[in-house]
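Hi everyone, thanks for making the time today. Please have a look at the model on the screen while I walk you through a few of its contacts.

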Amino acid sequence: MLLSILLGITGVLLFLYVFWKRLRDDYSSDIIFQVSTTVLLGNALGLVVAKIFLPSYFFWLSMLGILIGFLLMFFKFKLRLFETLEAIILAGLPMISLMFFKDSVINSSLYSFLGFVGTLVLIFISYWLDLNYKSFNWYKSGRIGFAGLLSGAVFFMIRSIVAGFGISVVSFTGTIDIVLSGSVFLILVGLLVYLGRSK
């Protein structure tokens, strides 16, 4: 219980810091606080609903809560879509890595530990991409959002592949995860293609 609380608090603090750092040059601290708080509340609401009705789908219901929170703030403040979406993805990766770490410790799960390591690697790759994406000749638009969208796409692609092998990992719902993760992967790739072609 204590470990869960400590890791939960750490995850929230990391999310708030990374989210603020990504958007501090574009929005006031008040707007950033409202958006990040609403997104986190959406996440919490999704987890509560999952705990009561669909425990196996806690990951997807928390994602749905985050999406609803994001959309509410997107229309309220007329946020920039790709910049804000990237901030949510990059800020969310540390939370996901801690989720895997917690499960690997509590349940002695090798697969969750590998998920933890894999997510950490993805975090480092995302920040490398963020520093270097403007130098990619094939990414003609040079617009912000590339690192977040690509990192998110890779994450859900891996989820879909792992689910296809039937490996039991925390937050996975079985074979349906192939469809859900694959769908999100395709959506993110579509957004990435659009972003790359836009002026």
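Ser-160 touches Asp-177, Ile-178, Ser-181 and Gly-182, leaving out residues up to four places away in sequence; contact here means heavy atoms within 4.5 Å. This is a predicted model, so local features need pLDDT of at least 70 and side-chain atom pairs count only at pLDDT 80 or more, while totals for chains, interfaces and linings use all residues. Residues are numbered from 1 along each chain as its sequence is written, and side-chain values use heavy atoms, with hydrogens and water left out.

Back to Ser-160, which sits in helix 6. Helices are DSSP runs of H or I with at least four residues, strands are runs of E with at least two, and both are numbered from the N terminus. Is Ser-160 buried or exposed? Ser-160 counts as buried, at 14% relative accessibility. The cut-offs are under 20% relative accessible area for buried, over 50% for exposed and partly exposed in between, with a 1.4 Å probe and protein chains only. The C-alpha atoms of Ser-160 and Ile-176 are 9.2 Å apart, and these residues are 16 places apart along the chain.

Now to the aromatic rings. How many aromatic pairs does a search of the whole structure find? That search gives 15. Rings of Phe, Tyr and Trp (its six-membered ring) pair if their centres lie within 6.5 Å; planes under 30 degrees apart are stacked, over 60 edge-to-face, and the rest tilted. Take Phe-59 and Phe-155: the ring centres are 6.4 Å apart and the planes are at 45 degrees, so this pair is tilted. This pair links distant parts of the chain, with Phe-59 in helix 3 (residues 58-77) and Phe-155 in helix 6 (residues 146-164), 96 residues apart. Phe-59 is buried at 3% relative accessibility, and Phe-155 is buried at 9%.

Phe-59 also pairs with Phe-156, with centres 6.3 Å apart and planes at 50 degrees, so that pair is tilted. Here again distant parts of the chain are linked: Phe-59 in helix 3 and Phe-156 in helix 6 are 97 residues apart. Phe-156 counts as buried at 10%. Together, Phe-59, Trp-60, Phe-155 and Phe-156 form one aromatic cluster. And what lies over the face of Phe-59? Arg-159 does, at 4.0 Å from the ring centre; the test is NZ of Lys or CZ of Arg within 6 Å of the centre and within 35 degrees of the ring normal.

Let's stay with helix 3 and turn to its partners. The axes of helix 2 (residues 29-52) and helix 3 come within 7 Å and cross at roughly 150 degrees. Axes are lines fitted to C-alpha atoms, for helices over the stretch in contact, and angles run from 0 to 180 degrees between N-to-C directions. Helix 2 and helix 3 are therefore roughly antiparallel; that word covers angles over 145, with under 35 degrees roughly parallel, 65 to 115 roughly perpendicular and the rest oblique. Residues that meet there include Gly-42 and Gly-46 in helix 2, and Gly-65 and Gly-69 in helix 3.

On to helix 4 (residues 81-106): its axis and that of helix 3 come within 12 Å, crossing at roughly 150 degrees. Among the residues that meet are Phe-59 and Phe-70 in helix 3, and Thr-84 in helix 4. Thr-84 is buried, at 0% relative accessibility. Leaving aside neighbours within four places in sequence, Thr-84 is in contact with Phe-19, Leu-23, Tyr-27, Phe-70 and Leu-79.
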